Amino acid sequence: MSSRVRLNEDEITAALAALPQWTREGESIARGADAPDFPAAIRIVVAVAEQAEALDHHPDIDIRWRTLRFVLSTHSAGGLTALDFTLATRIDEALRAESAA
């Protein structure tokens, strides 16, 4: 399981370099994506929910028709941890599985 220890700025920069669709927003990382249609958006959210539950780390998710937005932060650590980047990678995988941009 990924660590819940807060990352330093160099570690955050390195982790973000591996996730080009994600951006830093203060003590969080965020990504938006468009699913092919509303049912695909719901399937993505379900896939992300299953991964989040397995990691015991739950993102903020906003869904508007087929447009999704995910925001990750480890609130108990007061910022970003390896767990956020692990879940971001799994979100990217769920998006790819549904061919979301």
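Alanine 40 counts as buried at 1% relative accessibility; buried means under 20% relative accessible area, exposed over 50%, and partly exposed in between, computed with a 1.4 Å probe on protein chains only. The model is predicted: local features need pLDDT of at least 70 and side-chain atom pairs count only at pLDDT 80 or more, while totals for chains, interfaces and linings use all residues. Residues are numbered from 1 along each chain as its sequence is written, and side-chain values use heavy atoms, with hydrogens and water left out.

Alanine 40 belongs to helix α2. Helices (H or I, at least four residues) and strands (E, at least two) are DSSP runs numbered from the N terminus. Apart from its neighbours within four places in sequence, alanine 40 is in contact with Ala35 and Glu98, where contact means heavy atoms within 4.5 Å. Isoleucine 44 is buried, at 0% relative accessible area, whereas proline 39 is partly exposed at 45%.

| Pair | Residues apart along the chain | C-alpha separation |
|---|---|---|
| Alanine 40 and glutamate 98 | 58 residues | 6.3 Å |
| Proline 39 and arginine 66 | 27 residues | 8.0 Å |
| Isoleucine 44 and arginine 66 | 22 residues | 10 Å |

### Helix pair α2 and α3

Two packed helices are described by the angle between their axes and the distance between the axes. For α2 and α3, the axes come within 9 Å and cross at roughly 150°. That angle makes the two helices roughly antiparallel. Axes are lines fitted to C-alpha atoms, for helices over the stretch in contact, and angles run from 0 to 180 degrees between N-to-C directions. Angles under 35 degrees count as roughly parallel, over 145 as roughly antiparallel, 65 to 115 as roughly perpendicular, and the rest as oblique.

On the α2 side, Ile44, Ala47, Val48, Gln51, Ala52 and Leu55 meet Leu83, Thr86, Leu87, Arg90, Ile91, Ala94 and Leu95 of α3. By class, this contact has 10 nonpolar, 2 polar and 1 charged residues. Here Ala, Val, Leu, Ile, Met, Phe, Trp, Tyr, Cys and Pro count as nonpolar, Asp, Glu, Lys and Arg as charged, and the others, Gly among them, as polar.

### Nonpolar core

The largest nonpolar core has 26 residues, and Trp22, Ile29, Phe70, Phe85 and Ile91 have the most contacts inside it. Such a core is a set of buried Ala, Val, Leu, Ile, Met, Phe, Trp, Tyr and Cys residues joined through side-chain atoms within 4.5 Å. At least two residues of this core come from each of α1 (9–17), β2 (28–34), α2 (38–55), β4 (67–72) and α3 (82–97). The largest share, 7 residues, is supplied by α3. Beyond its neighbours within four places in sequence, tryptophan 22 is in contact with Leu16, Ile29, Ala30, Arg31, Phe70, Leu72, Ala88, Ile91 and Asp92.

### Positive phi in loops

Which backbone angle is positive in aspartate 56, although it is not a glycine? The angle is phi, at about 55°. Aspartate 56 is found in the loop between α2 and β3 (60–64). Tryptophan 65, also not a glycine, has a positive phi near 55°. Tryptophan 65 sits in the loop between β3 and β4 and is exposed, at 59% relative accessibility.
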